[in-house]
Amino acid sequence: MASFVSGAFNHPGVFLDRAQLEFIRLNVNLGLDPWKSAYKDMMNSSLAALDRPATPFVNVECGSNSNPDIGCKAERQDALASYAMSLAWFITRNHTYADKAISYFNAWSYTLQSHNNSNAPLQSGWSGASWTRAAEIIRYTYNGWNATDVTQFENMFRNVYIPILINGSTSNGNWELVMMEAVQGMAVFINDEDVYNRAMTKFLLRVPAYIYLTSDGELPLSTPTNNLTTPAKIIKYWQYQTTFVDGLTQETCRDFAHTGYGLASIGHVAETARIQGNNLYPDNAARGQGPNGTDVQLGKRLRLSLELHSTYDGGAVPAPNWLCNGTIGRGLGPVTEVGYDIFHTRMWYNLPYTKNLTESQRPAGTNYLFLGWETLTHANNWVC
């Protein structure tokens, strides 16, 4: 297995590093937009209320389409609330926000024992991704989280989350992408190189099987676990789409919302990898680490996919007949801010449709699943 981190992990090192956090803090405190407005939007959210109670469950049971929903919404939203409080703490240095984040961490880590039912892996990925971003900020920028409680939180990751996440999924690709996002963040938090490498290996196999490039061949690639061995199986998995162009995803013809989940997780994982010393954006990164020894080309895939979907998401450009038979489910969601920051602000690519969609959605809020306030965290955040 390839190693994707050398030496000690960098902290804080999940999605945001200290320099990026300081950039956010500076711009909010200077009253500059879009950061000031984005911060205000976050603090006006019900998730940022200081009197909002944690609602932990012993066993979280999540079925398809949230039926049943036994603790599912509560877990996801408590995790997102802890992230809002962690960002508020760093920006204001008001320990009340840090202590509120810790109250969520402790409530769940001393209570939760399992995730069950068909959506358990996805639920674990969604909530786990938010927990890791929040906890990493608090652990490494605030000295008020008791060491015993930190260990308890680590144990929750090791015993409840990682076992259900680490082997991935053969469902639609956004599942495995957010699952590996969560595991990667947990590995950083618990300083476990083996878990980190396992997550990255599976993630890099999934990305080229999720976003198509013409260099892949006439048909999209498949992960070893999906093992789609015939054209008919591949086309069925790709929602019966038969025309493949650069940037198309396995879920494009399902709907743009689920596509957005997948694209968001790809950007999130790549950001954490960059912080940990592994820049995946250049086209020559992760050579030979995709399916069948192909090059991953994560940066090219993500960049072209964001622009393709942004082109059609607003409705001004109608979907051509070859794309999903001319009928697409629009609604990409607040998912473009990170990618636009990566490829335009840092790498200077011209992405006109992504630019228009990103700026029209500011300030990007939360989808109440695992996305949260990315205008605040990544608008023009060139510090890296």
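**Disulfides, backbone and surface**

If the bonded cysteines of the chain are numbered in sequence order, they pair 1-2, 3-4. Keep in mind that this is a predicted model. How many disulfides does a search of the whole structure find? The search finds two. As a reminder, a disulfide is a covalent bond between the sulfur atoms of two cysteines.

Take C62 and C72 to begin with. Their sulfur atoms are 2.1 Å apart, and the two form a disulfide. The pair links distant parts of the chain, with C62 in strand β1 and C72 in helix α3, which covers residues 72–92; the two cysteines are 10 residues apart. Is this disulfide left-handed or right-handed? The torsion about the S-S bond of C62 and C72 is about -120°, so the disulfide is left-handed.

C253 is joined to C324 by a disulfide, with an S to S distance of 2.0 Å. The link of C253 and C324 is left-handed, with -85° about the S-S bond. Where do the two ends sit? C253 lies in the loop between α9 (231–237) and α10 (256–275), and C324 lies in the loop between α11 (298–313) and α12 (337–346), so the pair ties together parts that are 71 residues apart in sequence. C324 is buried, and its relative accessible area is 9%.

Next, the annotation. The UniProt record, an unreviewed entry, carries "domain: Alginate lyase" over residues 76–281. Over residues 76–281 the chain is 66% helix and 1% strand. The end C-alpha atoms of that stretch are 29 Å apart.

One joins D33 and P34, with omega about 15°. P34 is in the loop between α1 (18–29) and α2 (35–43). Another cis peptide bond joins R362 and P363, and here omega is about -5°. P363 is also in a loop, the one between α13 (352–360) and α14 (374–378).

S66 has a positive phi of about 60° although it is not a glycine. N380 is not a glycine, yet its phi is positive, at about 50°. N380 lies in the segment after α14. N380 is partly exposed, with a relative accessible area of 31%.

Last, the surface. Which residues form a nonpolar patch there? They are L26, L30 and L32, with about 280 Å² of accessible area together. L32 lies in the loop between α1 and α2, and that loop also holds P34. L32 is partly exposed, with a relative accessible area of 37%.

To recap the cysteines, C62 pairs with C72, and C253 pairs with C324. That is what I have; questions are welcome.

Key
Residues are numbered from 1 along each chain as its sequence is written. This is a predicted model: local features need pLDDT of at least 70, side-chain atom pairs count only at pLDDT 80 or more; totals for chains, interfaces and linings use all residues. Side-chain values use heavy atoms; hydrogens and water are left out. UniProt positions are given in the numbering used here, feature names are shortened, and annotations may be inferred rather than shown by experiment. Helices (H or I, at least four residues) and strands (E, at least two) are DSSP runs, numbered from the N terminus. Buried means under 20% relative accessible area, exposed over 50%, partly exposed in between (1.4 Å probe, protein chains only). Patches are made of residues with over 30% relative accessible area and no salt bridge: like charges are joined within 9 Å, nonpolar side chains (Val, Leu, Ile, Met, Phe, Trp, Tyr) within 5 Å. Accessible areas come from the Shrake-Rupley method with a 1.4 Å probe; for residues, only the protein chains shown count as cover. A salt bridge is a side-chain nitrogen of Lys or Arg within 4 Å of a carboxyl oxygen of Asp or Glu. A disulfide is a pair of cysteine sulfur atoms within 2.5 Å.
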